[in-house]
Amino acid sequence: MKNKNYYAILMAGGVGSRFWPASTQANPKQFQDILGAGKSLIQATFERLSKIIPQENIYILTNKDYTQLVKEHLPQVKDEQIVPEPALRNTGPSILLGALKIRKKNKDALIVVAPSDHWIDDEVDFCENVEAGFNAVAEDDKLITLGISPNFPNTGYGYIKYNSEESTKLSRVEDFTEKPNFKKAEEFLKSGKYLWNAGIFIWSASFIIDSFKKHLPEMYRLFEKGSEFWNTAEEEEFLRKNYGLADNISIDYGILEKSDKVFVIPVDFKWNDLGTWGSLERELPQDDFKNTVVNSRLLPLDSSGNIISTESGKVVVLDGINDYIIVETAEVLLLLPKDKEQSIKELREKVQERFGNNLA
């Protein structure tokens with residue numbers, strides 16, 4: 001039987017602009033089957049969390065514009081589990097809001113915070129590590145993050161420095177580094193003292209709220225004014241008037257980098273934040289010519305190293321095309337050299353300027 005004190009905050013408000021044109025503001029990547037697995041990323045994440053957490057204890061924090069999408073993809077959740085944010089803010093305000101709502105419901109609540117658009121291979125290992133985190137934060141005031149053992153010098157991830165010589169599963173965090181350059185990432189990898197920051201956090205509802213009170217007191221006071229409204233019909237109106245006043249700050253910068261109670265659990269399961277089209281090459285099988293194909297049927301003629309994603313089942317014929325990202329949606333066709341992948345956000349903005357926001 002699942003522990004009634006276990007809760008989850010499922011973060012589902014992002015746009016996923018680096019996965020454009022498949023991911024758009026109207027239909028971001030968490031609501032899409034990016035991997036061709038037969039389910040959207042948010043559905044896969046919800047199923048994973050449900051293995052250890054009662055379904056009714058999973059709260060989905062999302063942009064107010066995505067409320068209907070959440071209902072379509074997760075019809076099993078109740079309306080009160082969907083928390084629409086009335087303004088675009090970073091993870092700090094979202095997590096504080098979720099924690100306050102959950103603590104009002106259950107003062108003994110233990111929370112895991114998880115992005116809705118990540119891919120995890122070994123779900124059994126994931127659940128065991130979350131359980132270990134819950135046990136640790138139930139015993140003592142700690143803020144825990146899961147750290148992924150790095151296998152290449154990725155410059156798109158944040159890194160966690162920790163005491164790798166500690167014999168226990170739980171290690172104190174010594175430092176955070178946001179997206180280092182390639183040389184620094186190589187140094188981190190060689191040192192053996194760094195992990196990738198997966199953005200998966202575990203803590204008690206009470207202690208994370210106390211941490212906001214200590215490290216982000218203005219945000220805490222702003223939200224505390226709504227304490228009588230949480231989980232009531234008046235909550236929406238309070239948030240409409242006040243949520244946009246909160247600082248646009250991440251949980252990492254606002255809390256974790258300031259607290260001396262931060263620990264990491266090093267984990268070995270395969271994880272990918274699916275941040276770019278290139279990340280698909282590490283998770284999906286390739287054909288004999290190293291082409292990665294999603295939802296398509298490919299005939300490659302003298303063509304290799306491509307990433308192809310189209311509307312379901314479309315036949316794609318390539319002749320003499322190498323190392324390209326090829327993405328087709330109902331309204332957009334993108335052909336881009338893989339080495340220019342970092343320009344996708346800029347291209348998306350140019351399309352918005354010329355053809356309107358509905359295409360991006």
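Predicted model: local features only at pLDDT ≥ 70, side-chain atom pairs only at ≥ 80, totals over all residues.
Most residues other than glycine have a negative phi, and most peptide bonds are trans. N231 is partly exposed, with a relative accessible area of 39%.

D323 has a positive phi as well, of about 60°, although D323 is not a glycine. The loop that holds D323 lies between β13 and β14 (324–328), and D323 is partly exposed, with a relative accessible area of 43%. A further backbone feature concerns the peptide bond from W20 to P21, which is cis, with omega near 5°; P21 has its place in the loop between β1 (6–11) and α1.

## Helices α3 and α6

Two packed helices are described by the angle between their axes and the distance between the axes. For helix α3 (residues 91–105) and helix α6 (residues 205–215), the angle is about 135° and the axes are 9 Å apart. Angles over 145 degrees would count as roughly antiparallel and those of 65 to 115 as roughly perpendicular, so α3 is oblique to α6. The crossing of these two helices, α3 and α6, is left-handed.

On the α3 side, the contact involves G92, I95, L96, A99, L100 and R103, which meet A205, S206, I208, I209 and F212 in α6. Sorted by class, the residues of this contact between α3 and α6 comprise 8 nonpolar, 2 polar and 1 charged. The buried residues of α6 are A205, F207, I208, I209, S211, F212 and H215, and what covers them includes α3, β4 (110–115), β6 (143–148), β9 (194–204), α7 (217–224) and α9 (251–256).

## Helices α1 and α4

Helix α1 (residues 41–50) packs against α4 at an angle of about 55°, with the two axes 10 Å apart, and α1 and α4 are therefore oblique to each other. In this pair, α1 passes α4 in a right-handed crossing. The contact is made by A44, R48 and L49 of α1 together with E123, F126 and C127 of α4, and by class it has 4 nonpolar, no polar and 2 charged residues.

## The nonpolar cores

Which residues of the largest nonpolar core touch the most other members? Of its 46 residues, they are L49, I53, I60 and V112, while helix α4 (residues 123–139) gives the most to this core, with 6 residues. Leaving aside residues up to four places away in sequence, L49 touches A8, L10, I58, V112, A114 and F126. Apart from this core lies another one, of 44 residues, among them Y59, V83, Y162 and A246.

## A buried serine and an exposed aspartate

When residues up to four places away in sequence are not counted, S309 touches W277, V294, S296, I326, V327 and E328.

D339, by contrast, is exposed, with a relative accessible area of 71%, and its place is in the loop between β15 (333–337) and α10 (344–355). D339 and Y324 are 15 residues apart in sequence, and in space they are 8.3 Å apart, C-alpha to C-alpha.

Note on methods:
Residues numbered from 1 in each chain as written. Heavy atoms only, no water. Axes fitted to C-alpha atoms, helices over the stretch in contact; angles between N-to-C directions. Helix = DSSP H or I, 4+ residues; strand = E, 2+ residues; numbered from the N terminus. Parallel < 35°, antiparallel > 145°, perpendicular 65-115°, else oblique. Left-handed = near helix turned anticlockwise from the far one by under 90°. Contact = heavy atoms within 4.5 Å. Nonpolar A, V, L, I, M, F, W, Y, C, P; charged D, E, K, R; others polar. Buried < 20%, exposed > 50% of the residue type's maximum accessible area, 1.4 Å probe, protein only. Core = buried A, V, L, I, M, F, W, Y, C linked by side-chain atoms within 4.5 Å.
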